[in-house]
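Reader: I would like to go through the terms used for this model and see what stands behind each one. Please set the values against the cut-offs.

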Amino acid sequence: GSYTAVAIATDGTTGKTALASESFVVNFYPNIAGAYNGLFFDPANISGTNAGSITLELRANGFLSGLLTLPHQSVSLNFYLGPTGNTNLPFQGESGTLRVSFDVTNFSGQMTGFVELGNEVCPLTAYRQAPKLSTNTVPSTGKYVLNLQPVIPTNGPVDGPAANSFAALTMETSRTAAVAVTLADDTSFSFSTGVATNGVWPLFKGFYNGHGMLIGWETNLPSGQCMGTLYWVKAITNGNYYTNGVQEVLNSVGANYVPPPAGAQFQIVFGSDTLPEPLTNSLTAKIAGQLDPVPGSTDKLLISLLPTGVITGSILNTNDNKTLKFNGVFLGPSLGGSGFILDTDKTAGVFVISPM
């Protein structure tokens, strides 16, 4: 806004005063303008009606436009930020309120606030998208793979698949992460999101016709490693696997994808409810970037390693002569890989690849 500063000086001896004034304009918008990507949720209480994502574009004149997204609906946002860097915005016929506050002191590129939905107040955090990425930025461009490992509760088993889900992503020069996720109930999806200068990016996707989601924060570190905590929520559905629902915390661990070199050898072990015992096979990389079964296995192992680091394949369950499909990721020659195997009893088994 426009301001006028006035200074008055008084001579203590004569009592005379002098006045000086100066008009100036304060405009912090250019310092915080940009695209913001964030999430709103409370990790202790996540449902399909109180968690989701937000994307905002703040222009240099203080006007904002964007989208507030929940698993079952999206709400368009258009408003003026105001002279203090924060605002309250009713939406959906005033049944909800968006409260946002931008950092106009340190210009950190962070936005905080709350999304109020009925009687629920959900914390909101968003970060400004980074400038153009390159091989020298953090995070660097390139391909990454993530293992999404279920966290075992202290008071009982996991409420869902015990096998690892996974994700493959590409950090692009356009300041975005192109992400493809496959969950251990055979649900797969892809999306793109903005990446902040500190390597942080939000992961959110609603699915199961609005009755579930995956949500959480990921961080790509300067070392090339990735880490995060994700929350998988699935209501009772008519799908093929885990139809009674899922409520899991997933520990996300990953790194830059490194394909196996020619001649590398690995062991792959499968375990599931219907397998008579763990099945073990040997693998070798006849050509760099490939995994090939060593001849002689009785379970007819087929395996394919994609350029993204994603693994697909199948084995024969010699107990009932039924073919089981499996999916996962290969993290690297020293780390191996893991994933899930879809069993005939509508659950997910596990497989692990280890270097030999």
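**Terms and the values behind them**

Author: Phe-107 is partly exposed, with a relative accessible area of 31%. The model is a predicted one.

Reader: Why is Phe-107 called partly exposed?

Author: Buried requires under 20% and exposed over 50%. Phe-107 has 31%, so it falls in between and is partly exposed. This residue lies in the loop between β8 and β9 (110-117).

Reader: Where is Tyr-208, and is it buried or exposed?

Author: Tyr-208 is in the loop between β15 (200-207) and β16 (212-220). Its relative accessible area is 15%, which is under 20%, so Tyr-208 is buried.

Reader: Why does Thr-97 count as buried?

Author: The relative accessibility of Thr-97 is 17%; the cut-off is under 20%, so the residue counts as buried. Thr-97 is found in strand β8 (residues 96-102). Neighbours within four places in sequence aside, its contacts include Asn-88, Pro-90, Phe-114 and Glu-116.

Reader: What relative accessibility does Asn-37 have, and what is concluded from it?

Author: Asn-37 has 9%, under the 20% limit, and therefore counts as buried. It lies in strand β3 (residues 34-40). Among the residues it touches, not counting those up to four places away in sequence, are Ile-54, Tyr-127, Gln-129 and Trp-217.

Reader: What makes the pair Asn-37 and Gln-129 a polar contact?

Author: The side chains of Asn-37 and Gln-129 are joined at 3.3 Å. A polar contact needs N or O atoms within 3.5 Å, one able to donate a hydrogen and the other to accept it, so the pair qualifies. In sequence Asn-37 and Gln-129 are 92 residues apart, while their C-alpha atoms are 7.0 Å apart in space.

Reader: How do you know that β24 and β25 are paired?

Author: Pairing takes at least two bridges. Strand β24 (residues 322-332) and β25 have 6 and run antiparallel, so they pair. With 3 residues between them, β24 and β25 form a hairpin.

Reader: What joins β25 to β26?

Author: Strand β26 (residues 348-355) is joined to β25 by 6 bridges, and the two run antiparallel. Gly-337 stands opposite Ile-353 in β26. These strands also form a hairpin, with 5 residues between them, and Lys-346 in the turn has a positive phi of about 70°.

Reader: Why is β25 described as mostly covered?

Author: In β25 (residues 336-342), 7 of its 7 residues are buried. Each therefore has under 20% relative accessible area.

Reader: Which strands make up the sheet, and why are β21 and β22 said to stand at its edges?

Author: The open sheet has 8 strands in the order β21-β20-β19-β26-β25-β24-β23-β22, with antiparallel pairing. β21 (292-293) and β22 (302-305) each have a single partner strand, so one side of each is left without a neighbour in the sheet.

Note on methods: Residues numbered from 1 in each chain as written. Predicted model: local features only at pLDDT ≥ 70, side-chain atom pairs only at ≥ 80, totals over all residues. Heavy atoms only, no water. Buried < 20%, exposed > 50% of the residue type's maximum accessible area, 1.4 Å probe, protein only. Helix = DSSP H or I, 4+ residues; strand = E, 2+ residues; numbered from the N terminus. Contact = heavy atoms within 4.5 Å.
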